[in-house]
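Here are my notes for you, as someone new to this one. Have a look at the picture before reading on.

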Amino acid sequence: MIALRYGAGPQELRQDPAMRAFRADRFGQFVHWGLYALPAGTWHGRTIEFAAEFLMHSAKVSREDWAALARDFTLDGFDPAAWARTAKAMGARYVTVTTKHHDGFCLWPSAHSDFTVAATPSGRDVLGEILAAYQAEGLATHLYYSVLDWHHPDWRYRLDTDEDRAAFDRYLDFAANQLVELAERYPQVRGFWFDGTWDESVKANGRWTHEIERILKERIPGAIVNSRLRADDLGARHFDSNGDLMGDYESGYERRLPAPWDRSVTAHDWEACATITQATWGFHDSAWADRGRKTPAQIIEQLAQTVSLGGNLLLNFGPRGDGSLVPAEVDLAREVGAWMHANGAAVHGSGPAERWEYPGWGFYTAPLDAAGAETGLVHAIVTRIPVSGILTVEVPAGLEVRAIRALADGANVPFTVLDGHSLRFPAPASTGMPVVFALETGPAG
Ligand code: JFZ
């Protein structure tokens, strides 16, 4: 046990209302929107097959040339109510929106920077409008904030000299001021999602990351902060040097998920984030980005895997430069939403089905009651129909399955008990979409 001043706090799962709501939500929408959506991956005719939000960096655009994009940020197709409706219809229960990405451009009129929406033609508080639109649809809101900042002259990657340290201290004051400003302007937000904290300069300032989490929670009681903010005294990230999780939930799973059988992750809260497209978070207007666009069934499979392991899934949308949604993303949201409408009980308010082993053909989730306990109901989400056409269910010792129903229409599903601990029933005809069965269980008797 290493003595740490800026290490993890208590390791018990938070059980306050905000955290319980976040946990029950399970499905959130990530929104990456900023100036990078205007060039959308192409600079002076050269398309760079890399994340659109990195274009300033990957195309080596000067600060001045990049900042000039602000003149074209005219919001011609910006309809935050449509974003919020789309997210809600998809079954997302919260949104995490970029307030400032690595390029330093602020979606709110920050008093601490000239590089904000206030310097765009509309001058509107874009972030405030987005948050209000989602709240009107009943979704919770979280703010993404990149500590890494390519625009600010005091940002440093490393602290080699006293001058670097002095500059970076000024930078950290600036970022702290912006974060307090965000908490004061938008006290209704439920949490903060930090990014851009991997450089040596930040890792040498674990004290600052610790302090920021404390300050934000003082301003917004119950605020939920991801692990990516934090570094400890020794520069360890996400988990401190004693292996304890910093922040309220683990946010390291990015475009990947824990293995379906890896129950170790159920020990803490976690959230994975994922792109629908290739590895771009901002809108990238290219065949490259469209390649590898996931299907609704693939998204649902990721969601099922995530919930079965006690995590949340944050699915990214990258609106276009004019503020309109990408039609393919609207279509995907609609199809996922149709599935969620019928089967959302296997996601919302559900968590891992303790003791039910990974079945290979899909995932088990269990609805949790108000106290967070299992109810006896188990959802079997079938994502991969076995070649045999038969689904085999291994029932944990001491339990028996009393009935099986198709979740979407309540139809009773006859099954055959093979022996004391397994049963089987014919797989549904494939529609290409996962099918959910509700297993009603009770003590074996
Ligand atoms: C970061 C950003 O650089 C990116 O633009 C986007 O905002 C994404 C959500 O977060 O990218 C990362 C961060 C962490 C890892 C990979 C990409 N990681 O831990 O593997």
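1. Start with the ligand: A51, E53, D195, G252, E254, C273 and W281 surround it, each with its C-beta atom, placed from the backbone, within 6 Å of it. Sorted by class, that shell has three nonpolar, three charged and one polar residue. Here Ala, Val, Leu, Ile, Met, Phe, Trp, Tyr, Cys and Pro count as nonpolar, Asp, Glu, Lys and Arg as charged, and the others, Gly among them, as polar.

2. A word on the source: this is a predicted model, where local features need pLDDT of at least 70 and side-chain atom pairs count only at pLDDT 80 or more, while totals for chains, interfaces and linings use all residues. Residues are numbered from 1 along each chain as its sequence is written.

3. Now the five-stranded open sheet, with order β10-β11-β12-β17-β14 and antiparallel pairing. Strands (E, at least two residues) and helices (H or I, at least four) are DSSP runs numbered from the N terminus, and two strands pair if DSSP finds at least two bridges between them. β10 (350-352) and β14 (399-406) are the edges; each has a single partner strand, so one side of each lacks a neighbour in the sheet. From one strand to the next, the twist averages 35°; axes are lines fitted to C-alpha atoms, for helices over the stretch in contact, and angles run from 0 to 180 degrees between N-to-C directions.

4. Inside that sheet, β12 (residues 377-382) and β17 (residues 435-443) run antiparallel and are joined by six bridges. I381 sits opposite V436 in β17. Packing on the sheet is helix α10 (residues 296-308), which touches β10, β11 (362-367) and β12 and makes about 55° with the direction of β11. Contact means C-beta atoms, placed from the backbone, within 7 Å.

5. How many of α10's 13 residues are buried? The count is 10, including P296, I299, L303 and V307. Buried means 20 or more other C-beta atoms within 10 Å of the residue's own, again placed from the backbone. The helix length checks out too: at 1.5 Å a residue, its 13 residues should span 18 Å, which agrees with end C-alpha atoms 18 Å apart. That expected span is 1.5 Å times one less than the number of residues. After α10 comes G310, with a positive phi near 80°.

6. Finally, there is an open sheet of three strands, ordered β13-β16-β15 and paired antiparallel. Its edge strands, β13 (390-394) and β15 (416-419), each pair on one side only. β13 and β16 (residues 422-426) share five bridges, and V393 has L423 in β16 as its bridge partner.

Methods
Contact = placed C-beta atoms within 7 Å. Buried ≥ 20, exposed ≤ 12 C-beta atoms within 10 Å, placed from the backbone.
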